[in-house]
Amino acid sequence: MKKLLVFLKDYKKETVLAPLFKMLEAGFELFVPLVMAVIIDRGIDGSDIALVLRMGGILVALGAIGLICSITAQYFAAKAAVGFSTQLKHALFEHIQGFSFTEMDRIGTSTMITRMTSDVNQLQNGVNMVLRLFLRSPFIVFGAMIMAFTIDVKAALVFVVTIPLLSVVVFGIMMITMPLYKEVQAGLDNILGRTRENLTGVRVIRAFHKEKEETKSFEQSNNELTDMQLFVGKISALTNPVTYIIVNVATVVLIYAGAVRVDIGYITQGEVVALVNYMSQILVELVKLANLIIIITKALASANRIEGIFEISSSMEWISGNVRDDGSSWAVEFNKVSLTYHEAGDESLSDIDFRVKPGETVGIIGGTGSGKTSLVHLIPRFYDATKGNVIIDGRNVKDYSMEELREKVGIVMQKAVLFQGTIRDNLSWGKADATTEEMEKALEISQAKEFVDSKPQGLDEYIAQGGKNLSGGQRQRLTIARAVVKQPDILILDDSASALDYATDAKLRKSIREMSEDGNKKTTVFIVSQRTSSIQHADKIVVLDDGKVVGIGRHEELLENCEVYKEIFYSQV
């Protein structure tokens, strides 16, 4: 939690003023029983109506001033808590954005969403309540005990016994529930992950008529979380009845002791009422404190989980600034490259060694799980090679800044992902300042111009989240256009034409080949595909099998001397 308090540094004034005004409110509240004692002993007992009215006016004034202090304190507490959570979310989001694919794979999307939403909200609520009650409640508890001693020492000894006993109950329950709330949050992670999976895959679930099975599985996980929440809730719920029992027993003892003291003339009736009022104040504040402890327990559990994300650093280190290219006749070089994923037993890529000239089109083909995507993900440095080096324009990819490397490389992922907004907004991801002409050129190359022009709004046509209002082929073509519009030195198409028919695929390949042969800027193209027809005209074809290169050459050469390529080709022909 200490590491997260840095996000309160811009709200130092609010974190001081909120408890201060709460303490002022508590101070005024502590004087109320004394005023009541005066009204009873001197006003009512002495039939002094003027005194009763004056003291009544003082009670109203104390209430009004206390209300103003309370509202002011809550304003400052809310301002600090909301500002704290806003800065925390920004910092957490920025930190997550710095993760490499390795950390993303290891942590999981649902876990990060829970940290960004539920955990931060729990922490915001905790900060708000701490600023409002953490000092106020103990102040009233101990203040009431001190005020009771000013009235009568012997009667006030009841407070000395009651308060430590209550503290043991409250903090004992807190120690028991804190680890349980951590388990509850972990269960929430699981539920969120399952919910996200079902919502994103709802069409597949319906297609296979698995609604009942998924509903049953969700209910099972949800019931487990519910049972855990009920268990920890029952323990937390013990706080109120146990504290009420202790305080009510203490009140009975106090009234009895007070009656005896009144009978022998040591204290007055009004002072007994004041003592009972102080005991009631302690009861109310300890109930508040108990609820506050529960909130703090949840907040601390969430804080530890958020700190856990901050403690994870990216496995990649990027240099800052640009370094002059060493100059090379090769656009991309793989020098004895191997890749082993985090906590994976075997290598996904082994001893990859080949070179690509600027402007060349390279086809990557192989069976499922052969390492095609893993290979091209090493170029923009989504993952670091565990052995060997990946070199672009004579420089190791590790010697590029993130901005410079990603500017050189444009990639179209296997899964076509579009964002909510317009077509123009999505294309701007490739190049923020792209002109309409540049966008239309990119749409033309990607074979998307025809269907975009058919839309009523053209480039300003609305796209739903994930591109759900477009077909699979349309989404793929727009993602290709998004990568092409930036005019990268290296363009990677990772099985990005799988939803296109053969005729459209052929036109796309022809447009990309013409683009890569542009005299002004030669673009090196990597095409990952399951179709031999998509890559048979490439300048170089790399055939992978179980993470190893089993053939490199042109289409005709591989048909003669590569059994794996020959098998793939004839199985499709």
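Y383 is buried, with a relative accessible area of 8%. Here buried means under 20% relative accessible area, exposed means over 50%, and partly exposed is in between, using a 1.4 Å probe and protein chains only. This is a predicted model, in which local features need pLDDT of at least 70 and side-chain atom pairs count only at pLDDT 80 or more, while totals for chains, interfaces and linings use all residues. Residues are numbered from 1 along each chain as its sequence is written, and side-chain values use heavy atoms, with hydrogens and water left out.

**An aromatic meeting point**

What is Y383 paired with? A pair of aromatic rings is described by the distance of the centres and the angle of the planes. Rings of Phe, Tyr and Trp (its six-membered ring) pair if their centres lie within 6.5 Å; planes under 30 degrees apart count as stacked, over 60 as edge-to-face and the rest as tilted. The whole structure holds nine aromatic pairs. In one of them, the ring centres of Y341 and Y383 are 5.0 Å apart and the planes stand at 80 degrees, so the pair is edge-to-face. Y341 sits in the loop between strand 1 (332-339) and strand 2 (349-356), and Y383 in the loop between helix 11 (372-377) and strand 4 (387-392), so the pair ties together parts that are 42 residues apart in sequence. Helices (H or I, at least four residues) and strands (E, at least two) are DSSP runs, numbered from the N terminus. Y341 is partly exposed, with a relative accessible area of 25%. Together with F101 and F382, Y341 and Y383 form one aromatic cluster.

Two strands pair if DSSP finds at least two bridges between them.

Another open sheet has six strands in the order 6-9-10-3-11-12, with mixed pairing. Strand 6 (409-412) and strand 12 (548-553) are at its edges, each with a single partner strand, so one side of each is left without a neighbour in the sheet. The twist averages 15 degrees from one strand to the next.

| Strands | Sense | Bridges |
|---|---|---|
| Strand 1 and strand 4 | antiparallel | five bridges |
| Strand 6 and strand 9 | parallel | four bridges |
| Strand 3 and strand 11 | parallel | five bridges |
| Strand 11 and strand 12 | antiparallel | five bridges |

Is strand 11 mostly covered or uncovered? Five of its six residues are buried, so to speak of strand 11 is to speak of a mostly covered strand. Its residue V543 is the bridge partner of I365, and V542 stands opposite I552 in strand 12. In the hairpin of strand 11 and strand 12, which has two residues between the strands, D546 takes a positive phi near 55 degrees.

**Helices on the sheet**

Helix 16 (residues 472-484) lies across strand 6 and strand 9, running at about 175 degrees to strand 6. Axes are lines fitted to C-alpha atoms, for helices over the stretch in contact, and angles run from 0 to 180 degrees between N-to-C directions. Helix 20 (residues 563-572) packs on the sheet too, touching strand 3 (361-366), strand 11 (540-545) and strand 12, and its direction makes about 95 degrees with that of strand 11. Contact means heavy atoms within 4.5 Å.

Which residues of helix 20 are buried? They are Y565, I568 and F569. Seen down the axis of helix 20, these buried residues fall within an arc of 95 degrees, so they line one face of the helix; the arc is that of the directions from the helix axis to the C-beta atoms. They pack against strand 3, helix 18 (532-535), strand 11 and helix 19 (555-561). On the other side of helix 20, E563, E567, Y570 and S571 are exposed.

**The nonpolar cores**

A nonpolar core is a set of buried Ala, Val, Leu, Ile, Met, Phe, Trp, Tyr and Cys residues joined through side-chain atoms within 4.5 Å. The largest one has 52 residues, and F159, L254, L275, Y278, M279 and I282 have the most contacts inside it. Several helices each supply at least two of its residues, including helix 1 (12-44) and helix 6 (153-200). Helix 10 gives the most, with 17 residues. Leaving aside neighbours within four places in sequence, F159 is in contact with M145, A148, P164, L254, L275, Y278, M279 and I282. Apart from this core lies another, of 41 residues, among them I365, A448, A481 and V525.
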